[in-house]
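Hi,

Here's the structure I promised to send over. Have a look at it first, and then read on for what turned up.

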Amino acid sequence: MKRHLLFTALAGLCLSATLQAQTPRYRLVWQDDFNGRRLDSSSWAKIPRGLSAWNRHMSDHESLYAVRRGKLILRGRVNNGIAPTDTARYITGGVFTKDLRTIRHGKVEVRAKLEGAQGAWPAIWMLPADAPWPYGGEIDIMERLNHDAKVYQTVHTQYTYILGHEDEPPHGSTAPIDPEGYNTYAVEILPDSLVFSVNGSHTFTYPRIQTDKPGQFPFGTPFYLLIDMQVEGTWVGPAKPEEYPVEMKVDWVRMYELIP
C-alpha cells in the first residue's frame, strides 16, 4: 500500500513537472493602453487603401480615428460627403504596426469591443514583415461578421490557400463572444503551433505537422499586427447604410516574447 502511494505521488510530481515544462513562458515587451490624446506614431500607422476586399475602403480621414478615455476608436462610415474628393461609398479606419512593431515567437493579446452592423467586418490579425501573401502566412486572431455573437479565427498559408489543405489539419474555427461588450482575443505563436483563445479560454490550435507539401507552417518570422474596421465584401455581404456609422473600440494591446 505504501509503495502504491509512493508511486502515485512520484507519478503526480513527474506529470506536474512535465506540464510546467510544456507551459510557455512569456515576457511583456510592448503594450499600448491608449492613455494619450492621439495615436502613438512610434508604434502605429494608418492602413492605406488597397485593392483587396479588406482594404478597399481604408481612409486616413480624421473622422475615422479617435483616442479618447483610454480607448482607440476606429470607425466605418457612409461617405455621404464626409470626404468629398473620395469616390468610395464607405470609408473605414485601420491601423497597423508594420515596420514599427513585430514579433517572432510569443503572444499577442487585444481587448476590444465591436459594434455590429450589416456588412461590418472588423478584424484583428497579423501578417509577415518580409514575405508575400500567402507564402509567409496570415494569422487571423479575430474576424467578426455583421451582428454575429461569434468570431472566426483562421490560419492562411500556401499549404491551406493555394494547395487547398484546409482540413489537414483544420485551419480555422469559431468562438463565442459577448457581442455587446469587451472581449480579449489572443494568439500564441510557438515553434510547433499557433494557439488561439478568447477571454482566456483556449479555442483553437493549428499545429506544425510532418508533410512533404510546402508552406504548411511558415511561422516564426517577424509578424506585425493589424486592427481595422472593414466594410462589405463577398464573405460579409453588402452593408445597410442606415446601420452606420459603426465603431470598433480597442481597450489595450499587448505583445509578449516567448522565453526560451
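One cut-off before anything else: a residue counts as buried under 20% relative accessible area, as exposed over 50%, and as partly exposed in between. Glu 166 comes out at 37% relative accessibility, so this residue is partly exposed. Keep in mind that this is a predicted model.

Staying with Glu 166 for a moment: you'll find this residue in the loop between helix 2 (158-162) and strand 11. Leaving out residues up to four places away in sequence, Glu 166 touches Thr 160 and His 171. His 156 sits 10 residues from Glu 166 along the chain, and their C-alpha atoms are 8.7 Å apart.

Now the chain as a whole. There are 16 strands and two helices, and 50% of the 260 residues are buried. The C-alpha trace spans about 80 × 45 × 35 Å along its principal axes. Of the contacts with a separation of 6 or more, 71% are between residues 24 or more positions apart.

Then there's the largest pocket, with about 750 Å³ of space in it. Its lining has 32 residues, and Ser 52, Trp 54, Trp 125, Trp 133 and Glu 138 lie nearest the centre. By type, the lining splits into 18 nonpolar, 10 polar and four charged residues. Several strands supply at least two lining residues each, among them strand 8 (123-128), strand 9 (138-143) and strand 15 (223-228). Strand 10 gives the largest share, four residues.

Cheers

How values were computed:
Residues numbered from 1 in each chain as written. Predicted model: local features only at pLDDT ≥ 70, side-chain atom pairs only at ≥ 80, totals over all residues. Heavy atoms only, no water. 1 Å grid on protein atoms, 1.4 Å probe; cavity = no way out; pocket = protein on both sides within 12 Å on 5 of 7 lines; lining within 4 Å. Points joined across faces, edges and corners; volume = space filled by probe spheres on them. Nonpolar A, V, L, I, M, F, W, Y, C, P; charged D, E, K, R; others polar. Buried < 20%, exposed > 50% of the residue type's maximum accessible area, 1.4 Å probe, protein only. Contact = heavy atoms within 4.5 Å.
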